[in-house]
Amino acid sequence: MPKMKTNSGAKKRFTLTGSGEIKRKHAYKSHILTKKTKKQKRNLTYAGLVDGADKSNVKLLLGLK
């Protein structure tokens, strides 16, 4: 059997934490920032965790399953 390939887009977007959670960045922080409030831009800065409903799909893309 050949090796499983990791999805190239997924490996750039997600990282694994020590406890096995999957970290992600927020969307809407790259352009058209003038109409967004300071608070909104500040809250988009911090990384979040992938939701439980999406975790299995992301693990498949990363070749962890």
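Start with the contacts across the whole chain. Among contacts between residues at least 6 apart in sequence, 46% join residues at least 24 apart. Keep in mind that this is a predicted model.

**Stop 1: the whole protein**

Show everything as a cartoon. From the N terminus on, the elements run α-β-β-α-β-α. The radius of gyration is 15 Å, well over the 11 Å that the globule rule gives for 65 residues, so the protein is more spread out than a compact globule. Turn the model along its principal axes. The C-alpha atoms fill a box of roughly 50 × 25 × 20 Å.

The protein exposes about 5700 Å². Carbon and sulfur atoms supply 55% of that area. How many of the 65 residues count as buried? The share is 12%.

**Stop 2**

Zoom in on strands 2 and 3. Two bridges join this antiparallel pair. Pick Lys-23 next. Its bridge partner in strand 3 is Leu-49.

**Stop 2: the nonpolar core**

Select Ala-10, Ile-22, Val-50, Val-58 and Leu-62. These five residues make up the largest nonpolar core.

Stay with Ile-22 and show its surroundings. Not counting residues up to four places away in sequence, Ile-22 touches Phe-14, Thr-15 and Leu-16, among others. Its list also includes Gly-48, Leu-49 and Val-50. Further along the chain, Ile-22 touches Lys-55, Val-58 and Lys-59.

**Stop 3: Arg-24**

Move to Arg-24, which is found in strand 2. Is Arg-24 buried, exposed or partly exposed? At 30% relative accessibility, Arg-24 counts as partly exposed.

Show what surrounds this residue. Leaving aside neighbours within four places in sequence, Arg-24 is in contact with Arg-13, Phe-14, Ala-47, Gly-48, Leu-49 and Val-50. Then look at the side chain. It reaches the backbone oxygen of Leu-49 at 3.4 Å. Leu-49 was also the bridge partner of Lys-23.

First, go to Lys-12 in helix 1 (residues 8-13). Lys-12 is exposed, at 68% relative accessibility. Lys-12 and Arg-24 are twelve residues apart in sequence and 9.9 Å apart in space, C-alpha to C-alpha. Next, draw a line from Arg-24 to Gln-40. Those two are 16 residues apart along the chain, and their C-alpha atoms are separated by 17 Å.

**Stop 4: helix 2**

Gln-40 is found in helix 2. It is partly exposed, with a relative accessible area of 39%. Gln-40 and Lys-29 are eleven residues apart in sequence and 9.3 Å apart in space, C-alpha to C-alpha.

Now select Leu-44, also a residue of helix 2. Leu-44 counts as buried because its relative accessibility is 15%, and the cut-off for buried is under 20%. Which residues does Leu-44 contact, leaving aside its neighbours within four places in sequence? They are His-26, Ala-27, Tyr-28 and Lys-29.

**Stop 6**

Finish with Tyr-28, one of the contacts of Leu-44. Tyr-28 lies in the loop between strand 2 (22-24) and helix 2 (38-45). Its relative accessible area of 64% makes Tyr-28 exposed.

Check the backbone here. Most residues other than glycine have a negative phi. Tyr-28 has a positive phi of about 70° although it is not a glycine.

Step along to Ile-32. Where is Ile-32 found? It sits in the loop between strand 2 and helix 2. Ile-32 has a positive phi of about 55°, and it is not a glycine either. With a relative accessible area of 47%, Ile-32 is partly exposed.

Methods. Residues are numbered from 1 along each chain as its sequence is written. This is a predicted model: local features need pLDDT of at least 70, side-chain atom pairs count only at pLDDT 80 or more; totals for chains, interfaces and linings use all residues. Side-chain values use heavy atoms; hydrogens and water are left out. Helices (H or I, at least four residues) and strands (E, at least two) are DSSP runs, numbered from the N terminus. Buried means under 20% relative accessible area, exposed over 50%, partly exposed in between (1.4 Å probe, protein chains only). Contact means heavy atoms within 4.5 Å. A polar contact is a pair of N or O atoms within 3.5 Å; within protein, one must be able to donate a hydrogen and the other to accept it, and residues adjacent in sequence count only if both atoms are side-chain atoms. Two strands pair if DSSP finds at least two bridges between them. A nonpolar core is a set of buried Ala, Val, Leu, Ile, Met, Phe, Trp, Tyr and Cys residues joined through side-chain atoms within 4.5 Å. The radius of gyration is taken over C-alpha atoms; the globule rule is 2.2 Å times the number of residues to the power 0.38. Accessible areas come from the Shrake-Rupley method with a 1.4 Å probe; for residues, only the protein chains shown count as cover.
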